[in-house]
Amino acid sequence: MKRFFLSLIICTISIATTFAQNDAKALDVLNNASTAYLKAGGVKAGFSVSVLGYGGKITNKLDGSIRLKGSKFKLEVDEMVTWFDGKNQWVYLKKNNEVNLSNPSEEEQLMINPVKVFQLYNHGYNCKWIGQSSEGGKTVLKVSLNPKNKSRTVQSIIASFDKTSYRPVSIIITNKDKSGSRISIPTYLTGQNYPDGLFVFQQKSYPNTEVIDLR
């Protein structure tokens, strides 16, 4: 369950002239979302996740928060905390009182962060424009992403962005067996000032925790 959470997401940036008109609209939305994020400075977002089991039935509900600064982030959810300083990733499992240290690949990084939903199509996904709808009283722009490799477990990602600010509002991930997750992002604060140390695991704060180096 905890590892599943680390696969929550991101989608976008790359220009291709062979896309159909609808896909061009999707690219425009994703690029605007990326630009808005890069201009936002530090970001703090809160999110809620409904975890879907086989057949799409809700099996669990969890709340979390994430703080971001460029490629760095600190994610907190249930019994797990993840730090990423741009190169090293520390995953603290409270139940086991241990930290796993690794150097995730670029693609693995894209599958950790549930807010930056605008870079996936640059990593083996096609994007399509779905249209506008209303979520939580806001008008949102909806884009779908589907893997070019149909053998992938994830078969569909639908991301919704606020029409005015282009901040992510929700993400729906559907796997082959209809399991997956529904993520809502009700709070999204920009212009936050975070020190780089926030995104690094501090051993002194967890003196009795075992660090397992997987690099």
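This is a predicted model: local features need pLDDT of at least 70, side-chain atom pairs count only at pLDDT 80 or more; totals for chains, interfaces and linings use all residues.
## Overall layout

Let's start with the big picture. The protein chain has 215 residues, and 47% of them count as buried. Its secondary structure comes to three helices and twelve strands.

In general, nonpolar side chains in soluble globular proteins tend to be buried together. Here the largest nonpolar core holds 41 residues, and V143 and I157 are the members that touch the most others. Helix α2, spanning residues 21-39, supplies the largest share of this core, with six residues. There is also a second, separate core of seven residues, including V81, W83, Y92 and V99.

Which residues does I157 reach once its neighbours within four places in sequence are set aside? The contacts are L120, Y125, V143, S144, L145, I171, I172 and I173. V143, then, turns up both as a contact of I157 and as the other residue touching the most core members.

A159 sits in strand β9, which covers residues 154-162. With a relative accessible area of 0%, A159 falls under the 20% limit and is therefore buried. V169 is ten residues away from A159 along the chain, and the C-alpha atoms of the two are separated by 7.7 Å.

## Aromatic pairs

Now for the rings. The model has six aromatic pairs. One of them joins Y194 and F199 in an edge-to-face arrangement, with 6.1 Å centre to centre and 85° between the planes. Why does that geometry get the edge-to-face label? The angle between the planes is 85°, and planes over 60 degrees apart count as edge-to-face.

Both partners are buried: Y194 has 10% relative accessibility, and F199 has 0%. Elsewhere, ring pairs tie W83, Y92, F201 and Y206 into a cluster.

W129 brings a charge into the story: the charged end of K25 sits over its ring, 5.1 Å from the centre.

## Salt bridges

There are four salt bridges in the model. Among them is the one between the side chains of K69 and D196, at 2.8 Å from N to O. This pair links distant parts of the chain, with K69 in strand β2 (residues 58-69) and D196 in the loop between β11 (180-192) and β12 (210-213), 127 residues apart. Are the two ends buried or partly exposed? K69 is partly exposed at 29% relative accessibility, and D196 is partly exposed too, with a relative accessible area of 42%.

Another salt bridge joins R215 and D213, where the closest N and O atoms are 2.7 Å apart. R215 is exposed, with a relative accessible area of 54%, while D213 is partly exposed at 43%. E135 and K142 form a salt bridge as well, with their closest N and O atoms 3.0 Å apart. K142 counts as buried because its relative accessibility is 15%.

D23 is worth a look. This residue is in helix α2, and it is buried yet has no salt bridge. What is the nearest side chain of opposite charge to D23? That would be K128, 5.9 Å away. Leaving out residues up to four places away in sequence, D23 touches C127 and K128.

Most residues other than glycine have a negative phi. Two residues here go the other way. D78 is not a glycine, but its phi is positive, at about 50°. D78 lies in the loop between β3 (72-77) and β4 (80-84) and is partly exposed at 37% relative accessibility.

K178, also not a glycine, has a positive phi of about 75°. Its place is in the loop between β10 (168-175) and β11. K178 is exposed, with a relative accessible area of 53%.

Methods:
Residues are numbered from 1 along each chain as its sequence is written. Side-chain values use heavy atoms; hydrogens and water are left out. Rings of Phe, Tyr and Trp (its six-membered ring) pair if their centres lie within 6.5 Å; planes under 30 degrees apart count as stacked, over 60 as edge-to-face and the rest as tilted. Buried means under 20% relative accessible area, exposed over 50%, partly exposed in between (1.4 Å probe, protein chains only). A charge sits over a ring if NZ of Lys or CZ of Arg is within 6 Å of the ring centre and within 35 degrees of the ring normal. Helices (H or I, at least four residues) and strands (E, at least two) are DSSP runs, numbered from the N terminus. A nonpolar core is a set of buried Ala, Val, Leu, Ile, Met, Phe, Trp, Tyr and Cys residues joined through side-chain atoms within 4.5 Å. Contact means heavy atoms within 4.5 Å. Lys and Arg count as positive and Asp and Glu as negative; His and the chain ends are not counted.
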